Each structure stands twice: as C-alpha cells, then as structure tokens.
Amino acid sequence: MEGTIAERRLRMRGGGAAVKAAQEESFREFVEGSWHRLLRTAYLLTGDHGAAEDLVQTALMRTYRHWGRIEDYEAPEAYVRRVMVNVNISAWRRRKAVVHVVAEPPEPAAGAGDHQNTYAVRDELWRAVCAMSPRMRTAFVLRYFEDLTEAEVATAMGCAVGTVKSQISRGLTKLRNDLQAEGSFR
C-alpha cells in the first residue's frame, strides 16, 4: 500500500481527486444558486447585514465539510438553514443582553399617503420584530418571511410544533401591543 494514511483512507472511501473536484463543483453551484435566499434568511434571523453574512459563511463552512453526504440529501438548502438556526442559537447563548439604540422615526408628514409613511410603518414593524426574543424572532422569520409550515419551523428550530405555535401567538400579541402603543395601527 502506497501513500499516506490519509490518501489510503480517501481511496478506501471511494474518493479521489475526481470525486473531490465533482463535490467542490456541486457545492459551488449550490452556493451560487442559494446564496441570496440564505443571506435573506440570515438577515431576518440576525437583523444585521454583517452578522447575516457571517452567519451564512459559517453555516456554509460547516456544511462544506460534509458536502459529500449532504448533497444527496433531499433538500440541502433546508439542511443549511438548520445549521444557520443552530449557529444563531449558539450565538444567543454566548451573548449577553445587547441593547440596540435607535433613533425614533420622523413624524409622518401631513400627506399620509406618501412613501415616507409606508417606510416609517415598515420601520416600526421591523423594530418591533427585532425587539422580540431571539427564539420568537426565529419562529417569526421562518414562519412568515420564509413561508415555512409550523412543522417545518419546528424541525428547523429543533423543537415541538406546540412551541412554535406558542411563540407565534405570543409574538403576534406582542406586536399588536407594541404597535398599538406607538400609534401605528389604530
């Protein structure tokens, strides 16, 4: 038997340069095809563009290590999304409470039908979503922004469907209360 131990193990697994090149090309195509969707999901999970890019890159790095096994998976994008949720949850646990200071949006103009009013309402809604607990925000993002079913959200978050339902219910109540208190939706 010639070669290093690593080379022998690679040959025993049926791998080689051609297999590795094919897997790398497959991974590259996957990343190019799903980057924007994954980045959007990561932004909605984190609320920050820089953190979102870091989250996607970390998830893809962890996925690449096992791509030979994952590419045969029925939905590799769902697998990567699950990795992103796990990495984000790990980040919550390491972080202490972070206070985000934001300026109040300007008062709506007298002509309430213009685009500034729409932007202000959307900004208020987004700030209310960002004020949710990370777990509740994750449930919201996956359910309403990614349009996953409650069962798919539960699978992605690694919890029961009932937990997803309660997080969504509490989140909707919180959004209603927050937005009515600010006077956005009366």
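Start by selecting Thr-58, which counts as partly exposed because its relative accessibility is 23% (buried means under 20% relative accessible area, exposed over 50%, partly exposed in between, with a 1.4 Å probe and protein chains only). Before going on, note that this is a predicted model, where local features need pLDDT of at least 70, side-chain atom pairs count only at pLDDT 80 or more, and totals for chains, interfaces and linings use all residues. Residues are numbered from 1 along each chain as its sequence is written, and side-chain values use heavy atoms, with hydrogens and water left out.

Stop 1: Thr-58 sits in helix 3 (helices are DSSP runs of H or I with at least four residues, numbered from the N terminus). Now show helix 3 and helix 5 (residues 76-94) whole; their axes lie 9 Å apart at an angle of about 120° (axes are lines fitted to C-alpha atoms, for helices over the stretch in contact, and angles run from 0 to 180 degrees between N-to-C directions). The two helices are therefore oblique to each other (under 35 degrees is roughly parallel, over 145 roughly antiparallel, 65 to 115 roughly perpendicular, the rest oblique). To color the contact (heavy atoms within 4.5 Å), pick residues including Leu-55, Thr-58 and Ala-59 of helix 3, and Tyr-79, Val-83 and Met-84 of helix 5.

**Stop 2: the aromatic cluster.** Next, select Phe-27, Phe-30, Tyr-64 and Trp-67, which ring pairs link into a cluster (rings of Phe, Tyr and Trp, the last by its six-membered ring, pair if their centres lie within 6.5 Å; planes under 30 degrees apart are stacked, over 60 edge-to-face, the rest tilted). By this rule there are six aromatic pairs. One of them is Phe-27 with Phe-30, a tilted pair at 6.5 Å centre to centre and 40° between the planes. Both residues belong to helix 2 (residues 17-46), three residues apart, about one turn of the helix. Phe-27 is buried at 10% relative accessible area, and Phe-30 is also buried, at 13%.

Which kind of pair do Phe-27 and Tyr-64 make? Their ring centres are 5.0 Å apart and their planes stand at 65°, so the pair is edge-to-face. This pair joins distant parts of the chain, helix 2 and helix 3 (residues 49-64), across 37 residues. Tyr-64 is partly exposed, at 35% relative accessibility.
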